[in-house]
Amino acid sequence: MPELPEVEITRRSFAERIEGATVRQVRLGKPLRWPLGCPAESLVAQAVGAASRRGKYLWLPLERGGLLMHLGMSGSLAFSEAPPSPPGAHDHFDLVTSRGTLRLTDPRRFGAVVWSPGRDLDPAARLLAGLGVEPLEPGFTAERLHAGLQGRRVAVKQALLAGDVVVGVGNIYCSEALFAAGIDPRTAAGRVSLVRCRRLAQAIREVLQRAVTLGGSTLRDFHDAQGHGGAFQEQAQVYGRAGQPCRRCGGTVQRIVQGQRASYLCPGCQHR
Ligand SMILES: [Zn+2]
């Protein structure tokens, strides 16, 4: 599943190249998770603005409103300056512009492209409501993380995955950040002290920033808009390394299941 770093890498791969373009044509394939919400022809001749990201959503502003895009489980966006090839079986949205074509390929079709009159207006506002703070922006502080975890009895791993305290800490990054911070993923969220939240916030920032730098975790279906996969997973400290020696203490990395998701931890390095 594309996670925040992959979505950010995707954004960077086309944002500058498409800004200032004019929409020439819009092609729709099979239905995606949600309908476009406007006649496709109404987008033609509109100018395209600078793409931004909120959580795992991308917002592409147009002259009138904009497009809120999500990659779902298996989606990828590719921007090509070459004349567009005919859409394949899994290509369900083409935004043909004067600068090139932005194409959503999504075999499982949980992704979406939704028109909204504004990013702060429905339907975009409704879809973006309840998202936690952006982990790579200055507003993400230890104090904010600590306040968000306070009073929660759920495990810290699950509290982070929920995305309402901080967005974008997906399963891989969550395991890696908790390892870096020395926190057992089963620790009750409300019991993580401010001091440990300082380490955790720092670890989340570093893990996500490193993933963006390295090109995201390579997942089967993910490619950024230039078709590159990522190297993050090859450098994972604990994720996917059950039974292997911990790179820090030499102990054995364990796999557990929390909320039906796999968690990886080193019992020697991580404590409740
Ligand atoms: Zn260890």
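View 1. Gly 151 follows helix 3 and has a positive phi, near 80°. Helices here are DSSP runs of H or I with at least four residues, and strands are E runs of at least two, numbered from the N terminus. The model is predicted: local features need pLDDT of at least 70 and side-chain atom pairs pLDDT 80 or more, whereas totals for chains, interfaces and linings use all residues. Numbering starts from 1 along each chain as its sequence is written, and side-chain values use heavy atoms, without hydrogens and water.

**View 2. The buried side of helix 3.** Helix 3 spans residues 142–149, and Ala 142, Leu 145, His 146 and Leu 149 in it are buried (under 20% relative accessible area, 1.4 Å probe, protein chains only). These residues lie on the same side of helix 3, because they cover an arc of only 100° around the axis, taken from the directions from the helix axis to the C-beta atoms. An α-helix has 3.6 residues a turn, so residues three or four places apart point the same way.

**View 3. Packing partners of helix 3.** The buried residues of helix 3 pack against helix 4 (156–161) and helix 6 (194–214). Contact means heavy atoms within 4.5 Å.

View 4. The protein has 6 helices and 10 strands, and 53% of its 272 residues are buried. Of the contacts between residues at least 6 apart in sequence, 65% join residues at least 24 apart. Along the principal axes, the C-alpha atoms fill a box of roughly 60 × 35 × 30 Å.

Definitions and conventions:
Buried < 20%, exposed > 50% of the residue type's maximum accessible area, 1.4 Å probe, protein only.
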